[in-house]
Amino acid sequence: MSRFRVLFKSTAVRLSALYILLFAICAATLVFYVTAMSERLLTGQIRDAVAQEVTQVQRAYDAGGMNLLLRTMERRARQPGANLYLIAGPSGDILAGNVASVQPGVFEEQGWTSVPFMYQRYTDSGVVRHTAIANIFVLDNGLRVLIGRDLGEPERFRVLVRQALMIALAIMGLGAIIIWFGIGRNALKRIDRMSDAGKKIMAGDLSQRLPVAGSGDEFDRLSVSLNNMLERIEKLNEGLRQVSDNIAHDLKTPLTRLRNKAADALDIEDGGVRRSALEGIISESDQLIRTFNALLMISRVEAGSVAAEMSPIELSAIVTDSAELYEPVADEAGMALTSEIESGIEIQGNRELIGQAIFNLLDNAIKYSADTEGAGSVSVKLGRCPDGVCLSVADHGPGVPPDRREDVVKRFVRLDESRSKPGTGLGLSLVEAIMELHGGTLELSDTEPGHTERPGLTVSMVFPAKAA
């Protein structure tokens with residue numbers, strides 16, 4: 001019973017019950033309407049038949065008087081399923097006919113009887129009453145003639161139609177209730193499964209997902225939306241856990257080194273040496289500030305707080321400006337920066353974030369391939385592709401092993417374990433967050449597949465077609 005109480009508390013079940021009630025009311029109205037219309041139709045046909053009989057009997061009386069009238073009525077009264085034929089005196093006493101008695105007061109009317117009346121046949125045993133309608137007219141000699149029709153057939157038809165409709169509607173109603181309970185129980189089971197999964201999620205197991213039946217109904221759509229939200233939450237929590245794990249290594253060490261340098265500077269008496277030590281401390285502090293700024297930028301992007309700043313931007317111009325800005329940096333590193341940029345490409349995006357992502361990719365490409373013999377150049381390409389718009393930065397450095405490509409986009413992860421090169425390990429993490437904000441993807445591949453010494457790395461930012 002508790003399950004049924006829970007079932008009846010759901011909005012869907014209450015709406016279904018309301019629909020069934022409305023269906024029952026409409027069905028009952030339909031039954032009474034159909035039977036009433038059927039009865040009215042048959043009554044009209046009876047009136048037409050009786051009116052024709054009256055006309056023929058009146059013609060017989062006009063043509064042959066009482067003798068022909070009596071013979072005509074006697075002949076018609078003997079036919080199977082005959083009408084009611086009566087001749088009564090001025091006082092209403094029955095003189096001839098095929099009816100034993102009629103309801104008192106019937107012969108006081110002329111024309112059609114206002115309401116059906118009761119009568120009894122000669123063949124009836126006991127008190128059996130029948131109903132009929134009739135047309136009464138008066139002859140010139142004062143006699144009254146009644147010609148009518150029994151209403152038993154319309155009544156039986158009305159009862160038959162009503163019973164048939166009631167049985168059909170009862171079967172339909174029973175089927176609807178059975179289906180209703182079946183669907184309700186199925187919905188309740190799905191809700192229970194979703195509730196169980198929700199309890200596990202609230203207990204801390206973010207790997208749990210709400211069940212999806214695959215029917216595409218509102219429960220599935222809700223489950224898919226919530227699962228996407230849970231996946232997003234799990235990813236953010238995983239990122240937070242990684243940050244917490246890496247802060248000790250990537251921030252504690254610089255802070256410790258900074259503290260030691262400050263302590264050493266206190267003991268230095270030479271002004272020039274002390275100034276040099278303080279400059280080193282400032283440089284270390286600037287690097288820490290850049291790290292925290294990168295973390296804050298990633299958090300803002302992942303939280304979607306800059307999504308409202310999206311606007312139509314000319315990506316071709318941004319890539320061209322970025323390439324020109326980094327050409328002197330590449331020359332200083334002894335490398336060439338080449339570009340192949342398709343003009344006139346516009347997308348919906350955030351100019352500052354996309355510019356920052358391009359800077360990060362160019363900076364990484366130059367920094368990690370500058371010391372590689374034969375690295376030669378860094379190339380930037382922008383053009384349309386089957387998936388939308390592709391922006392790629394390719395170098396010819398040592399590259400990234402395929403099994404480490406998922407790691408390098410995580411926060412504070414650096415393949416340079418010795419930390420010999422400047423950087424925070426947050427560059428690709430920020431680029432990936434920016435691409436997720438724009439609905440795109442970040443793809444890593446070898447620039448020269450199969451090259452063992454310097455396969456290079458090509459980082460592609462793929463913007464979806466809807467953003468273009």
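Which helix holds Val 161? Select Val 161: its place is in helix H3, residues 152–202. Helices (H or I, at least four residues) and strands (E, at least two) are DSSP runs, numbered from the N terminus.

Before moving on, note that this is a predicted model, where local features need pLDDT of at least 70, side-chain atom pairs count only at pLDDT 80 or more, and totals for chains, interfaces and linings use all residues. Residues are numbered from 1 along each chain as its sequence is written, and side-chain values use heavy atoms, with hydrogens and water left out.

**Stop 1: Val 161**

Stay on Val 161. Its relative accessible area is 17%, so Val 161 is buried. Buried means under 20% relative accessible area, exposed over 50%, and partly exposed in between (1.4 Å probe, protein chains only). Now show Val 34 and Thr 35. Val 161 touches both, not counting residues up to four places away in sequence. Contact here means heavy atoms within 4.5 Å. Val 161 and Phe 32 are 129 residues apart in sequence, yet 9.7 Å apart in space, C-alpha to C-alpha.

**Stop 2: Asp 264**

Go to helix H5, residues 252–267, and pick Asp 264. Asp 264 has 48% relative accessibility, so it counts as partly exposed. Then pick Arg 274. Asp 264 and Arg 274 are ten residues apart in sequence, and their C-alpha atoms are 9.0 Å apart.

**Stop 3: H7 against H8**

Select helix H7, residues 315–332, together with H8. Helix H8 covers residues 351–369. The axes of H7 and H8 come within 10 Å and cross at roughly 35 degrees. Axes are lines fitted to C-alpha atoms, for helices over the stretch in contact, and angles run from 0 to 180 degrees between N-to-C directions. H7 passes H8 in a right-handed crossing. A crossing is left-handed if the near helix is turned anticlockwise from the far one by less than a right angle, and right-handed if clockwise. Show the side chains in contact, among them Ile 318, Ser 322 and Val 329 of H7 and Arg 351, Ile 358 and Asp 363 of H8. By class, the contact divides into 13 nonpolar, two polar and two charged residues. Ala, Val, Leu, Ile, Met, Phe, Trp, Tyr, Cys and Pro count as nonpolar, Asp, Glu, Lys and Arg as charged, and the others, Gly among them, as polar.

**Stop 4: the aromatic pair**

The structure holds one aromatic pair. Zoom in on Tyr 326 and Phe 359: the pair is tilted, with 5.8 Å centre to centre and 40 degrees between the planes. Tyr 326 lies in H7 and Phe 359 in H8, so the pair ties together parts that are 33 residues apart in sequence. Rings of Phe, Tyr and Trp (its six-membered ring) pair if their centres lie within 6.5 Å; planes under 30 degrees apart count as stacked, over 60 as edge-to-face and the rest as tilted. Tyr 326 is buried at 13% relative accessible area, whereas Phe 359 is partly exposed at 27%.

**Stop 5: H8 against H9**

Residues in the contact include Leu 353, Ala 357 and Asn 364 of H8 and Leu 428, Val 431 and Ile 434 of H9. The contact has nine nonpolar, four polar and no charged residues.

**Stop 6: the cysteines**

Where is the disulfide? Select Cys 385 and Cys 390, which form a disulfide with their sulfur atoms 2.1 Å apart. A disulfide is a pair of cysteine sulfur atoms within 2.5 Å, and by this rule the count comes to one. The torsion about the S-S bond of Cys 385 and Cys 390 is about 80 degrees, so the disulfide is right-handed. Cys 390 counts as partly exposed at 23% relative accessibility. End at Cys 26, which counts as exposed at 54%.
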